[in-house]
Amino acid sequence: ELCPTIKNILLLDSEGKRIAVKYYSDDWPTNAAKEAFEKAVFTKTQKTNARTEAEITMFDNYIVVYKFVQDLHFFVTGGENENEIILATVLQGFFDAVGLLLRGTEDKKEALENLDLILLCLDEIVDGGIILETDANVIAGKVDSHSMDAGAPLSEQTITQALATAREHLTRSLLK
Amino acid sequence: VDYSPFLGIEKGAVLQEARVFNDPQLDPRRCSQVITKLLYLLNQGETFTKVEATEVFFAVTKLFQSRDMGLRRMVYVIIKELSPSADEVIIVTSSLMKDMTSKTDMYRANAIRVLCRITDGTLLTQIERYLKQAIVDKNPVVASAALVSGIHLLQTNPEIVKRWSNEVQEAVQSRAALVQFHALALLHQIRQNDRLAVNKLVSSLTRGSVRSPLAQCLLIRYTSQVIRESTNDTQTGDRPFYDFLEGCLRHKAEMVIFEAARAITELNGVTSRELTPAITVLQLFLSSSKPVLRFAAVRTLNKVAMSHPTAVTNCNIDMESLISDQNRSIATLAITTLLKTGNESSVDRLMKQITNFMSDIADEFKIVVVDAIRSLCLKFPLKHRSLMNFLSNILREEGGFEYKKAIVDSIVILIRDIPEAKESGLLHLCEFIEDCEFTYLSTQILHFLGIEGPKTSDPSKYIRYIYNRVHLENATVRAGAVSTLAKFGAMVDGLKPRIFVLLRRCLFDNDDEVRDRATLYLNTLGGDGAVVETDEGVKEFLFGSLDVPLVNLENSLKNYDPSEKAFDINSVPKDVKIQPLAEKKATSKKPTGLGAPPPGPPSTVDAYEKLLSSIPEFASFGKLFKSSAPVELTEAETEYAVNVVKHIFDGHVVFQYNCSNTIPEQLLENVTVIVDASEAEEFAEVYSKPLRQLPYDSPGQTFVAFEKPEGVSAVGKFSNMLRFIVKEVDPSTGEVEDDGVEDEYQLEDLELVAADYMLKVGVSNFRNAWESMGVDFEHVDEYGLGPRDSLAEAVNAVINLLGMQPCEGTEVVPPNSRSHTCLLSGVYIGNVKVLVRLQFGLDGPKDVAMKLAVRSEDETVSDAIHEIVASG
């Protein structure tokens with residue numbers, strides 16, 4: 001298999017609990033196996049400072065890249081032979097897209113309140129392990145492109161406003 | 001307190017809430033919220049019963065009535081998560097097909113992804129038309145959705161997806177970066193089994209401009225694959241596509257630069273000239289502010305250091321500063337790289353740095369460091385004292401089994417290879433077993449002590465450590481200790497009285513095995529505890545090697561029926577089982593240290609040579625020239641599976657038939673192959689070695705040998721018939737019936753061809769070899785090959801016919817070329833070096849003409865090569 005492949009994307013909180021996770025590989029067939037992996041990843045990385053630059057580690061023959069903000073821990077996992085920089089690009093896309101969608105208030109509370117956006121975000125980044133999109137503006141734009149129904153409450157309208165810039169980027173990049 | 005919108009969420013309640021999906025007046029916002037809650041539950045690992053999932057699924061399908069886009073997105077996601085069964089899929093098919101043809105791009109893209117994810121293939125032909133359209137849709141999101149779905153579907157429905165080639169090819173030219181990436185990935189997967197098509201794809205794209213960095217990375221991977229499959233000889237630097245890889249080092253995207261650098265370092269037989277530009281960019285990455293880049297670079301350089309340490313020494317200064325990197329993975333990789341590239345004078349300084357940092361890295365990193373230190377010690381044996389001390393220090397610290405095993409293995413290897421390190425190493429091991437929690441390691445070390453201890457200057461000092469085990473350990477370790485004591489007693493006559501005293505005490509052990517061993521040794525070592533020499537025969541019996549593969553012994557013992565007749569070890573087959581292919585691939589994880597056989601494992605040729613030389617009838621045949629790859633003589637999945645290896649000697653050939661019996665209810669006896677050589681006139685059968693028994697699932701070999709004119713590459717066709725006596729076996733009891741029936745089984749024909757007399761041996765510089773061989777025995781002639789499919793096909797055919805090694809990548813024919821030169825080298829029977837230069841040209845649209853120039857050390861051989869081509 002020569003195509004770059006993502007094994008999983010994880011968003012955990014500062015205690016290692018799941019906020020949203022998506023597995024694309026059969027390497028972890030049960031929920032217990034998944035939780036064990038998350039626990040291992042979290043313990044291994046929690047003490048590192050991955051707040052300015054994405055960090056990286058390798059264990060159990062997986063490469064894991066990760067980045068933290070506030071109480072949100074973002075992880076992307078690939079196989080041991082994967083190009084590390086490709087994994088980091090996916091991580092950055094996820095990280096920045098979530099930042100855009102949460103309008104800069106990036107913490108666990110906000111993430112849970114907008115869980116639908118985060119799940120859609122995951123859906124737009126990778127499909128069955130294959131990278132769909134890595135540009136945060138495009139990802140956030142696709143996630144938000146629908147939430148414009150007339151009856152949308154105030155909170156969602158502010159998202160729309162905040163994303164006006166993102167959408168501009170989107171159209172520009174599509175017209176390139 | 002942690003506030004969460006999902007606080008106190010409960011599956012039952014959410015399932016109740018999902019009833020709003022059935023409301024005649026749908027509230028999209030509320031429905032979205034409920035779906036989010038359902039997804040939250042699934043995401044947290046909650047499972048729905050079949051009934052619950054079905055109920056939710058049916059309710060969700062109602063939501064297609066809403067025109068709210070946000071809700072529709074959530075519907076798509078939850079349908080994928082619920083992974084409905086086939087009969088459920090039918091319910092949403094029409095809704096999804098409607099969305100697939102919608103004017104809204106978002107609907108089209110998502111409906112395609114959902115439908116392709118949940119369909120079982122029967123639907124595929126119905127929607128194929130839309131998918132093909134979608135691949136070339138002007139909206140990149142739609143095109144990507146179709147292409148990525150195609151990649152997934154190719155696994156289950158290859159014949160359908162392969163029909164989309166034209167559309168996919170068009171999408172490769174897309175201006176949208178990710179469409180190009182997805183199209184390239186799919187196109188390659190469609191064509192991956194067609195080497196020529198992949199070659200073509202790579203050579204056309206490497207010339208053009210690929211826009212997307214991800215697509216460029218893919219292209220680099222495909223290119224490396226083409227290079228890997230095409231070249232074996234690299235000394236001249238004329239590697240195809242190298243320039244493309246080197247060019248990618250100047251790409252603006254870091255992922256592409258890195259992919260190219262890594263690809264170059266992984267080229268087969270990469271030269272230092274080829275490596276240099278790749279090392280240079282990796283060195284720049286080492287001082288990047290981004291940990292990911294530093295990690296990627298140091299990991300790659302670490303691998304390079306194993307095969308080309310000098311190429312990496314330029315990076316040593318950057319590496320040393322990485323030892324203090326915050327990221328411990330990077331630091332470990334830097335250290336082990338330095339250990340591989342360092343020189344003798346830097347060892348002590350490095351060891352100091354490492355000692356400080358061992359305590360704060362994980363076991364798996366420690367194992368890497370231990371392995372590196374072992375190789376360093378073998379490289380600089382004079383440094384064994386400080387390195388052995390380091391190993392024994394870390395052996396005393398906390399650590400898991402794998403880590404401890406790595407250390408013990410390393411010490412064992414050092415003891416074996418560095419005589420000066422033996423005594424201190426053994427004592428370190430003795431101290432370790434005093435407080436070792438791992439039974440496996442204790443017994444292995446005891447066994448090793450039994451072999452090495454008696455040979456030391458003062459064997460008596462080990463006895464205390466060994467006997468302590470008999471007091472303090474579990475039965476397995478105690479039994480091991482008893483055997484080790486006995487070995488000392490057998491090998492060191494002076495110790496025998498003391499050993500007897502100790503062994504007698506073991507007679508009261510509460511474990512059967514320990515007592516049995518002690519009794520056996522006391523009764524066989526002889527001399528009743530006096531200082532006497534132990535009989536050689538006894539030593540051989542107790543500690544000698546069994547000289548049969550353990551697997552075979554195990555099988556024979558299982559089949560042995562306890563009776564009056566004693567088990568005869570001579571009845572155990574000595575033949576080595578033919579390894580299945582999968583096992584061969586796994587040889588990268590060779591056992592080292594305690595588990596490994598003393599010298600390196602024999603290569604296949606060695607194994608064959610050993611096997612053949614164990615048969616006296618073949619002893620006079622002389623040196624084995626070549627053994628072919630196994631040729632299957634039966635279809636897969638038949639009752640009896642037989643393949644044959646052709647062994648070529650100067651004046652003989654031996655056919656080794658590897659047989660296996662796949663019927664548990666049968667035992668075959670007296671198995672032979674009856675060979676009819678009437679279509680191989682120059683061969684005369686001289687010997688046939690039957691296989692006495694062929695039990696179920698325990699392969700064996702039978703041999704047939706032929707005499708042939710010496711030094712001549714005689715060819716011919718042999719027809720084969722397997723003949724045997726079959727006896728019924730009761731698989732539950734293993735009982736064999738006494739009476740057998742003679743039977744025969746037709747095998748496929750076997751051909752001996754000219755290529756069987758040619759060894760593939762490359763030369764490092766063809767031109768030099770060609771010049772120095774000279775024109776004395778050159779033979780040049782021209783041949784018409786008639787109409788061929790392509791030039792490449794003709795080149796391949798001739799290479800296969802001659803069975804020679806292509807040099808300098810010349811077996812690869814660039815697409816659309818009208819002429820091609822191919823260089824081959826080999827050794828012909830009689831150990832005659834042969835070089836061949838083939839020039840091909842297209843004559844008209846399809847007709848291929850060939851000029852064949854042969855140079856060799858023997859005129860008759862040059863002529864023989866022409867003879868092969870002329871008659872082929």
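Predicted model: local features only at pLDDT ≥ 70, side-chain atom pairs only at ≥ 80, totals over all residues.
**Entry 1. Chain A overall**

I began with the secondary structure of chain A, which comes to seven helices and seven strands. Reading along the sequence, I wrote down the pattern β-β-α-β-β-β-α-α-α-β-β-α-α-α. Chain A has 176 residues, and 60% of them are buried. I then looked up the contacts in chain A with a separation of 6 or more, and residues 24 or more positions apart account for 49% of these.

**Entry 2. Chain B overall**

For chain B I noted 37 helices and 17 strands. Of its 872 residues, 52% are buried. Taking contacts in chain B between residues at least 6 apart in sequence, I found that 64% join residues at least 24 apart. Chain B exposes about 41,500 Å², and carbon and sulfur atoms supply 50% of that area.

**Entry 3. The nonpolar cores**

Which residues have the most contacts inside the largest nonpolar core? I looked them up and got I9(A) and F21(B), in a core of 246 residues. The element that gives the most to this core is helix α2 (residues 84–101) of chain A, with eleven residues. Another core lies apart from it and has 63 residues, including I663(B), L694(B), L747(B) and M850(B).

I went back to I9(A) and listed its contacts, leaving aside neighbours within four places in sequence. The list holds A20(A), V21(A), K22(A), Y24(A), F75(A), V76(A), V90(A), F94(A), L122(A), I125(A) and V126(A).

**Entry 4. L184(B)**

I placed L184(B) in helix α11 (residues 177–191) of chain B. Is L184(B) buried or exposed? Its relative accessibility is 2%, so L184(B) counts as buried, the limit being under 20%. Not counting residues up to four places away in sequence, L184(B) touches V172(B), L201(B), L205(B), A215(B), L218(B), L219(B) and Y222(B). I also checked L184(B) against Q169(B), 15 residues away along the chain, and their C-alpha atoms are separated by 7.9 Å.

**Entry 5. A helix pair in chain B**

I took helix α23 (residues 384–396) and helix α25 (residues 422–434) of chain B as a pair. Their axes come within 10 Å and cross at roughly 5 degrees. Angles under 35 degrees count as roughly parallel, and α23(B) and α25(B) are therefore roughly parallel to each other.

Which residues of α23(B) meet α25(B)? I listed M388(B), N389(B), S392(B), L395(B) and R396(B). On the α25(B) side the residues are S424(B), G425(B), H428(B), E431(B) and F432(B). I sorted the residues of this contact into three nonpolar, five polar and two charged.

**Entry 6. Positive phi**

Most residues other than glycine have a negative phi. I looked up two with a positive value.

R103(A) is not a glycine, yet its phi is positive at about 50 degrees. I found R103(A) in the loop between α2 and α3 (108–113) of chain A. R103(A) has a relative accessible area of 31% and is partly exposed.

N670(B), also a residue other than glycine, has a positive phi near 50 degrees. I found N670(B) in strand β5 (residues 666–679) of chain B.

Technical notes
Residues numbered from 1 in each chain as written. Chains lettered and ligands numbered in written order. Heavy atoms only, no water. Core = buried A, V, L, I, M, F, W, Y, C linked by side-chain atoms within 4.5 Å. Buried < 20%, exposed > 50% of the residue type's maximum accessible area, 1.4 Å probe, protein only. Helix = DSSP H or I, 4+ residues; strand = E, 2+ residues; numbered from the N terminus. Contact = heavy atoms within 4.5 Å. Axes fitted to C-alpha atoms, helices over the stretch in contact; angles between N-to-C directions. Parallel < 35°, antiparallel > 145°, perpendicular 65-115°, else oblique. Nonpolar A, V, L, I, M, F, W, Y, C, P; charged D, E, K, R; others polar. Areas by Shrake-Rupley, 256 points an atom, 1.4 Å probe, with all protein chains shown as cover.
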